[in-house]
Amino acid sequence: MARRAAGAAAALLFNAAVEFRSRFYSAVSGLGRKAFARIPRRQRPKAIEELKRVLAEYLHTTRSLPFIYAECIARNSPRSLSKAVSEIPFTRATYSSFFQRFLRYNPINELDFFFESIGLPCRESVFPLSILPPDVMFLSDWKHFNVFCAAAAMGFPWNKMGLLCKDSFLICDVNPVDLHANIKEIKAKYGFDNDTVIGICLAFPSVIYGTMEKDTLLSNLKTLLLDNGLLNSTDSDVDSVLEVCEKFKVFFNLGCEMEKLVDLMVRSKSIFTEYSKDVLVSKVSYFSNLGVQKDQIGFLLLSRPEIFGIDFGNKMISVSGFLEHFGLTKKQVTSLKQKYPYVFGRNRLANLPFILRSMDLGEWFFERVKSGDLLLLQTYSVTLMEDVDQKYMDTMTRIQGMRIYSRMLKKLAFLHSIGFGENIYAVRALFILTSSGEQLRQRFDCLVDLGIEFSKLSRIVSMCPRILNHQKNHLMGNLAFLCNDMGLSVDVLDEFPAYLCYNLENRIKPRFEIIKRLMEYGLPEKQYSLSTWIARSDKTFFAHLPRVLKRFRNHDMKSPIGVICECTVTS
């Protein structure tokens with residue numbers, strides 16, 4: 001019994017230590033185990049507190065910052081602090097004194113510490129030169145520091161002031177006196193208390209700048225927060241108000257009509273109290289992937305709040321069974337299966353928007369949900385062996401023993417997320433694709449952004465998966481040449497998707513120049529297809545040129561035909 005008790009106590013101590021370490025690492029902004037690597041783990045928490053104290057004293061006594069600001073900067077900049085002490089050897093007794101001596105002879109870049117403390121990334125990646133010249137190191141030399149000090153004095157949380165710069169850096173140009181006057185005016189005009197105004201400003205920094213939409217936005221927030229008592233159901237501190245305003249901003253950014261939006265929010269106040277912002281964002285993202293208008297998504301979610309209770313997670317579905325469950329006839333499903341065979345099979349419910357979008361059924365499904373068929377999502381289930389592709393399952397068994405198993409799973413996850421089901425088409429594409437899942441996603445999204453429809457691109461990938469093995473610059477260059485120089489539509493990729501794989505400079509451009517010149521002189525007797533003059537080898541390409549070009553192949557190089565021959569030989 002004593003041994004069991006001792007073992008249980010040891011397990012509790014171990015779990016407590018693990019929990020403490022995880023909390024400690026999360027407290028230093030996710031720096032991980034490499035943070036303060038020179039300090040032994042046992043002494044690390046105490047040593048870091050000492051370092052923060054030394055830094056605060058340095059900023060206060062040496063750099064003449066008010067102590068409250070110096071302490072806020074020191075407490076909230078672990079990444080910059082770790083970088084500053086990375087070269088100082090650790091000794092338990094003299095570590096803090098070593099850091100004091102280091103600061104005495106090695107002035108630090110105070111702005112990096114400041115930006116991290118208010119929640120901004122490294123300054124070189126965010127601030128334009130007009131706001132922050134590259135030679136500025138000290139806060140006393142940065143003229144915009146007074147704005148943030150004034151905001152902190154008015155009650156803005158120090159570690160959240162970076163939110164004021166999230167959309168733009170106009171806050172840096174605001175005079176501290178004007179900032180105070182604007183906050184005072186908002187409180188007087190709309191009846192907000194100080195914490196509510198601060199939470200609104202952190203979510204919508206534009207209200208400080210005095211933009212055209214300021215009055216409309218604040219009036220609607222007053223209706224939602226005060227007139228309808230939304231704040232009464234939550235705490236009225238800055239964090240709670242900010243959380244509510246950020247949830248409001250999720251719908252605001254969808255472009256919905258404000259008055260209708262607020263009316264629906266008043267009826268669905270539970271959304272703001274029962275669900276987190278991440279849940280709201282995930283639902284908006286889920287329905288946005290259907291390719292429907294964003295403002296309609298906002299109205300749907302607010303008018304049907306029960307959607308937030310549905311888990312669109314890892315639940316498996318059979319594509320054909322799901323479509324029949326939602327009202328399509330077997331004949332319609334068979335027709336879709338013939339047109340989009342790579343989509344059918346099993347897939348996850350989380351990928352449903354991409355599945356439907358790859359068959360141009362996104363709007364159809366959205367309208368069904370809008371009209372009240374939400375219960376069908378909750379009642380659908382798939383049997384154990386329904387729509388199982390044995391070749392796919394055999395492939396999954398085979399790749400489990402590979403060293404690159406995790407890499408293969410990520411590629412499969414990408415394929416399923418663009419509409420591929422668990423079928424032989426996904427298996428074939430899996431072994432053709434050579435890039436990582438993240439790279440494949442970036443290239444696919446790049447082509448969608450360039451104007452290729454989602455459903456069309458999914459079909460193109462099923463026909464020629466290797467196009468996604470090429471870099472984004474290669475794909476962008478080929479597509480731009482196709483549309484701008486050749487004057488063709490992306491529809492030609494339906495017949496010849498491999499066009500995106502060929503080298504633009506060494507194959508496509510030279511041969512296009514030849515074909516173009518032949519057409520100028522009326523030599524071709526028929527219009528060449530894209531695949532005829534790109535996909536063929538040099539020998540076959542010459543064989544398909546008009547006989548007149550062969551006849552004049554050795555003609556004077558100064559003539560038009562000679563120039564064409566010269567280009568041909570060069571290519």
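**Notebook: contacts, helices and loops in a predicted model**

I began with the contacts of the chain: among those with a separation of 6 or more, 71% join residues 24 or more positions apart. I note here that the model is a predicted one.

Next I looked up the overall make-up. The chain has 571 residues, and buried residues make up 45% of them. Its secondary structure comes to 32 helices and two strands.

**Entry on cysteines**

I searched the whole structure for disulfides and recorded zero. A disulfide is a covalent bond between the sulfur atoms of two cysteines.

**Entry on helix H3**

I looked up which residues of helix H3, residues 67–75, are buried, and I listed Tyr 69, Ala 70, Ile 73 and Ala 74. They lie on the same side of H3, because the arc they cover around the axis is only 130°. The general rule for an α-helix is 3.6 residues a turn, so residues three or four places apart point the same way. I then asked what the buried residues of H3 pack against. I found three partners: helix H2 (44–62), helix H6 (110–117) and helix H7 (145–153).

The loop between H2 and H3 holds Ser 64. I noted that Ser 64 is exposed, its relative accessible area being 59%. Its phi is near 60°, a positive value in a residue other than glycine. Most residues other than glycine have a negative phi.

**Entry on helices H11 and H13**

I examined how helix H11 (residues 214–227) packs with helix H13 (residues 258–267): the angle is about 15°, and the axes are 10 Å apart. The pair therefore counts as roughly parallel, since the limit for that term is an angle under 35 degrees. I recorded the crossing of H11 and H13 as right-handed. On the H11 side, the contact is made by Leu 217, Asn 220, Thr 223 and Leu 224. On the H13 side, I listed Met 258, Glu 259, Val 262, Met 265 and Val 266.

**Entry on Val 292**

I located Val 292 in the loop between helix H15 (277–288) and helix H16 (294–303). Is Val 292 buried or exposed? It counts as buried, at 13% relative accessibility. Leaving out residues up to four places away in sequence, I found that Val 292 touches Phe 287, Ile 297, Gly 362, Glu 363 and Phe 366.

**Entry on the loops around helix H19**

I placed Asn 351 in the loop between strand E2 (346–348) and helix H19 (352–357). Asn 351 is buried, with a relative accessible area of 6%. Apart from neighbours within four places in sequence, Asn 351 is in contact with His 416 and Ser 417.

I then turned to the loop between H19 and helix H20 (362–370), where Asp 360 lies. Asp 360 is not a glycine, yet I recorded a positive phi of about 60° for it.

Notes
Residues numbered from 1 in each chain as written. Predicted model: local features only at pLDDT ≥ 70, side-chain atom pairs only at ≥ 80, totals over all residues. Heavy atoms only, no water. Disulfide = S-S within 2.5 Å. Buried < 20%, exposed > 50% of the residue type's maximum accessible area, 1.4 Å probe, protein only. Helix = DSSP H or I, 4+ residues; strand = E, 2+ residues; numbered from the N terminus. Arc of directions from axis to C-beta. Contact = heavy atoms within 4.5 Å. Axes fitted to C-alpha atoms, helices over the stretch in contact; angles between N-to-C directions. Parallel < 35°, antiparallel > 145°, perpendicular 65-115°, else oblique. Left-handed = near helix turned anticlockwise from the far one by under 90°.
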